[in-house]
Amino acid sequence: MTVLASIPSPTQGVWQLGPLPIRAYALCIVAGIVVAIVLTERRWLARGGAPGDVLDIAMWAVPFGIVGGRLYHVITTPEPYFGKGGDPVKAFAIWEGGLGIWGAITLGGVGAWIACRRKGIPLPAFADALAPGLLVAQAIGRLGNWFNNELYGGHTDLPWALKIYEWNGHGAVLGPDGQPVVLGFFHPTFLYELLWNLAAAAVVIWADRRFRLSHGRAFALYVALYCLGRFWVELLRTDPAEHFFGIRLNVFTAVIVGLLAVAYLVWQRGRPREVIDRGQVAAVKVDDARAEDPGARPEP
């Protein structure tokens, strides 16, 4: 197969800073989390939330989400850990890549629910503010798959084919000539999902402004759009995964979760938008504290 043009892949995914390994996958995940927090903070404040709410909730949601994402990945892709020649200890090596979004959203949602309950914040309203940031974070996280030479589809000679190298977990394997060994040229499914996520984020922001979505409907729209994109991306992927009736497990998950999200959108239609006044309350506390003692700091 002759490929006239292709997207290059990195030949290295880990760099040593003294004894500390710097992993591109981890950096992309962290960058995505930071961007999601910044975007959600802006949207939450615009909804009437108080400064600091998003970071406080993230302190619960992010650890829960990472654990949930790893659990889902290990359960749905058990061969590298529990299959023939697998290493069960590697199931804990999150820094090497492998986070399932379904598990991350599920357990991350549990963490967010705990934090929202502690702060007296309605979880559906917060989820609506979070939705676009999550999509952008997922898009950034997909760059980690690019650095790891993973998450690609079948062979192709299209101009946007992705060059993939034989990988040893840290970088490309070198051949006898000292050059990276090329496995072939494949559909860049990581890029397809990245672009879909960014487009979906724009749609969620537009729909939220146009229809003043409430009670978790913006989040449900995010889920529905993501599932639609994930459905066709999964059909292109060729990496190892659990199958049922010859179809990847994530295809079934995308269909079921997507239909549930659409049903929720219909069920919650017409409800007025929640009134969030945490920002105003926080501002009043600041003003009162300054009036009583100009040098005092109000309690959080």
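Ten salt bridges are present in the structure, which is a predicted model. Side chains of opposite charge can pair when their charged atoms come close. Asp-56 belongs to helix 2 and Lys-119 to helix 4, so the pair ties together parts that lie 63 residues apart in sequence.

Helix 2 spans residues 53-76 and has 24 residues. From its first C-alpha to its last, helix 2 reaches 34 Å. This is close to the 34 Å expected at 1.5 Å a residue.

Helix 4 covers residues 101-119, and helix 5 covers residues 123-147. These two helices pack at an angle of about 145°. Their axes are 12 Å apart, and the crossing is right-handed. Helix 4 contributes Ile-101, Ile-105, Gly-109, Ala-112, Trp-113 and Cys-116 to the contact. From helix 5 come Leu-123, Phe-126, Leu-134 and Gln-138. Eight residues of this contact are nonpolar and two are polar. The contact contains no charged residues. Gly-109 of helix 4 counts as polar here, as does Gln-138 of helix 5.

Conventions:
Residues are numbered from 1 along each chain as its sequence is written. This is a predicted model: local features need pLDDT of at least 70, side-chain atom pairs count only at pLDDT 80 or more; totals for chains, interfaces and linings use all residues. Side-chain values use heavy atoms; hydrogens and water are left out. Axes are lines fitted to C-alpha atoms, for helices over the stretch in contact, and angles run from 0 to 180 degrees between N-to-C directions. Helices (H or I, at least four residues) and strands (E, at least two) are DSSP runs, numbered from the N terminus. A crossing is left-handed if the near helix is turned anticlockwise from the far one by less than a right angle, and right-handed if clockwise. Contact means heavy atoms within 4.5 Å. The expected span of a helix is 1.5 Å times one less than its number of residues. A salt bridge is a side-chain nitrogen of Lys or Arg within 4 Å of a carboxyl oxygen of Asp or Glu.
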